[in-house]
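Subject: Structure handover

Hello,

Here is the structure I promised you. Please open it next to this email and follow along.

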Amino acid sequence: MRKLICTCAALATSWAAAPAFADESESAWTHDIVYTADVMGPVKGGSQKSGRYLDNLDVVVEADLGRLVGWNGATLHVYGLSNSGGRPNDVAQTLQGVDNIEVSKAKVHLYELWIQQDLLDGAASVRAGLYDLNSEFYTTEASDLLISPPFGIGSELASTGPNGPSIFPLTSVAARVRLGGETGLYGQAAVLSAKASSIDGDNVQLTLDRGAILIAEAGHVGRVRVAGGAWTYTARQDDIRDVTPAGDPRRSDAYGAYVLGEGRIAGAEDGSRTTAFARVGLSDGDTSPFSGGWQAGLRWDQVFESRPDSAISVGLHQGRLSKKFRANGRDDGLDLGKAESGLEITYSDTIGRLSIQPDLQVIHNPGGEKNRRKAVIAGIRFTIDLD
C-alpha cells in the first residue's frame, strides 16, 4: 500500500509538471497533493482502549481546457484517492463514526473525474462526471476542521442508498447545474446514480439502472450564508424493518430535507475571526437508521496573533434514531435511546508544510444504547502539503 501511495503521488506530480507542455500550456495545469495521517481511538467507553492508525492521500489535478485546447470556460478535474490503515470505529462502536477518513477497505482509486462548463460569464455552470455530492451540497466551510463524520454531511442522508450516496469514499456518475456567483443568491441541482462505487470495482455503476438521487439546494451567500435543500431517490429503497410476505425487505420511498447557516460573527475576514455554523436535517426514517439530526459549532481562526494558522473548533452533533431502527434494536435485546450525540473539540496549527491537530470527542449513548457509558475518543491528525 505504501508503495502504491508513493507511486500515485509521483505520477500525479510528474503529470502536472511534465516538460512536454509548452510554457503557455503549463500554466493551465494545477495540482494539489495532501497526505493525512490519524491516530484515533477510545480512551474510555469503547470495547477496548486502543488507538488505530489510518491515512488518506488526496491527489487533485485540474486543467483549464481553454488554455489547453481552446475550449473556453471548461475545466477538467481529476481526483485520485488512497486510504489505508485501521478502523477506529471498530473499537469505539458508534453509529456515526469518529474519523472522517475511515474506510471499510483499503483502496487506491479514482475518486472524481468531471468536466465543468462555465456559462453566462461565470454566473452559471454545468458539471458532469464522477462527482462527490458533499463537495457542494449539505456542506459548511465553518465545520471543515472537525474530524467527526456528521460535521461533513448529515447522517440521515449519509446512511441511505444501496451502497451509500455519492460521497466519500465512493462516488457515482452525476450531472450538476448551478446558477449564481460566489456571493448573492444561488441555486443548484444534481442528478446522481443511486449506487456509489469505485470505478475500478467489480460492480461499478456508470448508469442510472439502479435509479438516481435527485438533490437541490438554494440559498444566499454574504457575510452570513443561509441555504436549504431537499433530496429523494427515484427508485424505492429497502425498508429497514418492514418485509414482504416472502420475507424480503419491503420497498419504501426515501427522501429528506435540510437547512443550514454559517457566517462570521466576530473579527476580520483576513485575520483573527470567529465563525459559526448550524444545520438541521430530516429524512423519511423508513430506509435509514436516522430520522434526522443536527450539528452546530464555532471556529476561531488565528487564535494566537503570532500563529496565523492556529485554529480551534468546537462542535456538537446529534443523530436522531428512527422508530423502526429502535424497534429492530428491541428485537435484538438492545435498549436504544432516541439519539446518539457527540461533542468534539479540536485545535490545529501549522509548522512549515506540516499541520498538527489534536482532537477530543465525547459520545453520549454510543451505538444509540442507553445503558452504555459515554465514550471518550482521543486522537491526533497530521497533514502534510506535498506540493
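Which residues gather in a patch of positive charge on the surface? They are Lys 44, Lys 49, Arg 373 and Lys 374. Keep in mind that this is a predicted model.

Look at Lys 49 in that patch. Lys 49 lies in the loop between β1 (29-44) and β2 (52-64). Its relative accessible area is 68%, so Lys 49 is exposed.

Next, the strands. β5 (residues 124-131) pairs with β6 (residues 172-179) in the antiparallel sense, over eight bridges. Ser 125 has Arg 178 in β6 as its bridge partner. β6 also pairs with β7 (residues 184-193), again antiparallel, over six bridges. The hairpin of β6 and β7 has four residues between the strands. In this hairpin, Gly 180 takes a positive phi near 115 degrees.

Now the salt bridges. The count is 19. One of them joins Arg 225 and Glu 217, with the closest N and O atoms 3.1 Å apart. Both of these residues are buried.

Another joins Asp 301 and Arg 273, at 3.9 Å between the closest N and O atoms. This pair links distant parts of the chain: Asp 301 is in β14 (residues 290-301), Arg 273 is in β13 (residues 273-283), and they are 28 residues apart. Asp 301 counts as buried because its relative accessibility is 11%. Arg 273 has 23%, so Arg 273 counts as partly exposed. Asp 301 and Arg 273 also belong to a network of salt bridges with Asp 144 and Arg 299.

Best wishes

Terms used
Residues numbered from 1 in each chain as written. Predicted model: local features only at pLDDT ≥ 70, side-chain atom pairs only at ≥ 80, totals over all residues. Heavy atoms only, no water. Patch = residues over 30% accessible without salt bridge, like charges linked within 9 Å, V, L, I, M, F, W, Y side chains within 5 Å. Areas by Shrake-Rupley, 256 points an atom, 1.4 Å probe, with all protein chains shown as cover. Salt bridge = Lys/Arg side-chain N within 4 Å of Asp/Glu carboxyl O. Lys, Arg positive; Asp, Glu negative; His and termini not counted. Charge placed at Lys NZ, Arg CZ, Asp CG, Glu CD. Helix = DSSP H or I, 4+ residues; strand = E, 2+ residues; numbered from the N terminus. Buried < 20%, exposed > 50% of the residue type's maximum accessible area, 1.4 Å probe, protein only. Pairing = 2+ DSSP bridges.
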